Amino acid sequence: MIMVFDLGHSSDSIQSSKLLATCLIGGVVLGVSVLGFYLAFQPPRQLSWRRKKKPIRVYMDGCFDMMHYGHCNALRQARALGDQLVVGVVSDAEITANKGPPVTPLNERMIMVSAVKWVDEVIPDAPYAITEDFMKKLFDEYNIDYIIHGDDPCILPDGTDAYALAKKAGRYKQIKRTEGVSSTDIVGRMLLCVRERSLSDSHNHSSLQRQFSHGHSQKFEDGGSGSGTRISHFLPTSRRIVQFSNGKGPGPDARIVYIDGAFDLFHAGHVEILKLARGLGDFLLVGIHTDQTVSANRGAHRPIMNLHERSLSVLACRYVDEVIIGAPWEVSKDMVSLSSSQSSSALILNSISYRMHGFFFLQLLIKV
């Protein structure tokens with residue numbers, strides 16, 4: 001038997017196989033190279049779709065003495081400039097050295113700031129001015145991206161800007177100051193209220209709060225006249241109320257807790273009682289009495305803050321879900337029905353004032 005081998009054809013097959021293998025290997029190498037080149041020039045957001053975006057952390061400091069809705073609005077604006085808001089509360093010693101002794105001590109101011117729903121973290125004993133060392137601490141330890149302050153100037157006793165270093169570092173942002181209220185203004189209201197009260201036995205004066213809320217100046221029969229300074233320059237708008245509101249109602253099976261009061265000069269005692277009330281259920285509804293109701297039941301010289309000012313202070317509290325602006329003094333059947341219609345379970349709490357540890361606390365009485 002004669003066996004014939006086609007060596008030429010076998011050689012061509014081998015060459016074709018080698019060529020095919022080379023093309024395949026080259027294609028894989030080229031594909032990997034192109035993929036690497038593509039990924040190398042992709043933005044970090046597209047490249048790491050599973051990696052969480054770094055939150056922008058902003059810092060704002062202040063004295064927050066006799067804290068009011070203006071402070072809360074500043075914190076709301078600051079929080080809107082980032083994802084997390086860190087607040088520094090200036091120490092008693094620093095305030096005394098730069099402005100004079102504070103009305104409320106540090107521990108009460110810490111309670112008030114921590115209770116604001118836009119605040120994520122609080123730093124006690126913060127310096128009054130941003131120093132090199134403290135700014136480095138903010139950037140390195142607290143991972144702060146920007147330092148925030150209002151558009152009102154903050155001048156130190158030596159005439160320098162308290163935020164000059166932050167501005168120079170390019171890490172400063174500014175918010176708009178809330179007009180119509182300040183701690184100094186509130187103290188002035190209180191002093192005028194005391195003055196009117198001392199004269200009320202011999203003169204027929206209307207409520208100081210009501211009088212100034214309507215823009216009237218006070219004139220005295222002793223030959224002098226008031227300065228014409230209005231107590232409240234606050235003009236309530238639906239937009240501002242919406243900004244402070246949670247915008248969420250109770251769930252179908254939520255346990256609604258209702259508590260009412262004047263909440264005048266909103267302070268740490270109010271915060272503590274609202275925190276306790278919120279712990280009794282799932283949704284805290286707060287009734288705020290009208291100026292006329294407060295005056296009729298607490299005295300002609302109350303309240304110091306008008307209804308809408310008091311409403312914003314309460315709405316800013318993290319423990320409050322909703323408020324009734326102008327709630328009646330006594331809880332009516334309609335209010336109980338309203339609460340019951342929103343949820344299958346409602347708890348109505350009555351507020352009776354009494355003194356405790358220097359605060360104006362509210363005693364809880366379960367009514368239904």
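How many bridges join strand 1 to strand 4? Three. Strand 1 covers residues 57–62, strand 4 covers residues 146–150, and the two run parallel. At one point along them, Y59 stands opposite I147 in strand 4. Keep in mind that this is a predicted model.

On to the cores. The largest nonpolar core has 48 residues. Which of them touch the most other members? L75, L274 and V286 do. Several elements supply at least two residues each, including strand 1, helix 3, strand 6 (255–261), helix 11 (268–278) and strand 7 (283–289). Take L274. Leaving aside residues up to four places away in sequence, L274 touches I259, F263, F266, L284, V286, C317, Y319 and V320. Another core, of 23 residues, lies apart from the largest one. Among its members are A126, I144, L156 and Y163.

Last topic: charges. The structure holds eleven salt bridges. One of them joins the side chains of K54 and D145, at 3.3 Å from N to O. K54 is in the loop between helix 2 (44–47) and strand 1, and D145 is in the loop between helix 6 (132–140) and strand 4, so this pair ties together parts 91 residues apart in sequence. K54 is exposed, at 51% relative accessible area. D145 is buried, at 19%.

A second pair brings us back to the sheet. R57 and E121 meet in a salt bridge of 3.1 Å, N to O. R57 sits in strand 1 and E121 in strand 3, 64 residues apart. R57 counts as buried, at 14% relative accessibility. E121 is partly exposed, at 29%.

R310 belongs to helix 13 and D291 to helix 12 (residues 291–298), so the bridge ties together parts 19 residues apart in sequence. Both residues, R310 and D291, are buried. Finally, D185, R189 and E309 are linked in a salt-bridge network.

Methods:
Residues numbered from 1 in each chain as written. Predicted model: local features only at pLDDT ≥ 70, side-chain atom pairs only at ≥ 80, totals over all residues. Heavy atoms only, no water. Pairing = 2+ DSSP bridges. Helix = DSSP H or I, 4+ residues; strand = E, 2+ residues; numbered from the N terminus. Core = buried A, V, L, I, M, F, W, Y, C linked by side-chain atoms within 4.5 Å. Buried < 20%, exposed > 50% of the residue type's maximum accessible area, 1.4 Å probe, protein only. Contact = heavy atoms within 4.5 Å. Salt bridge = Lys/Arg side-chain N within 4 Å of Asp/Glu carboxyl O.
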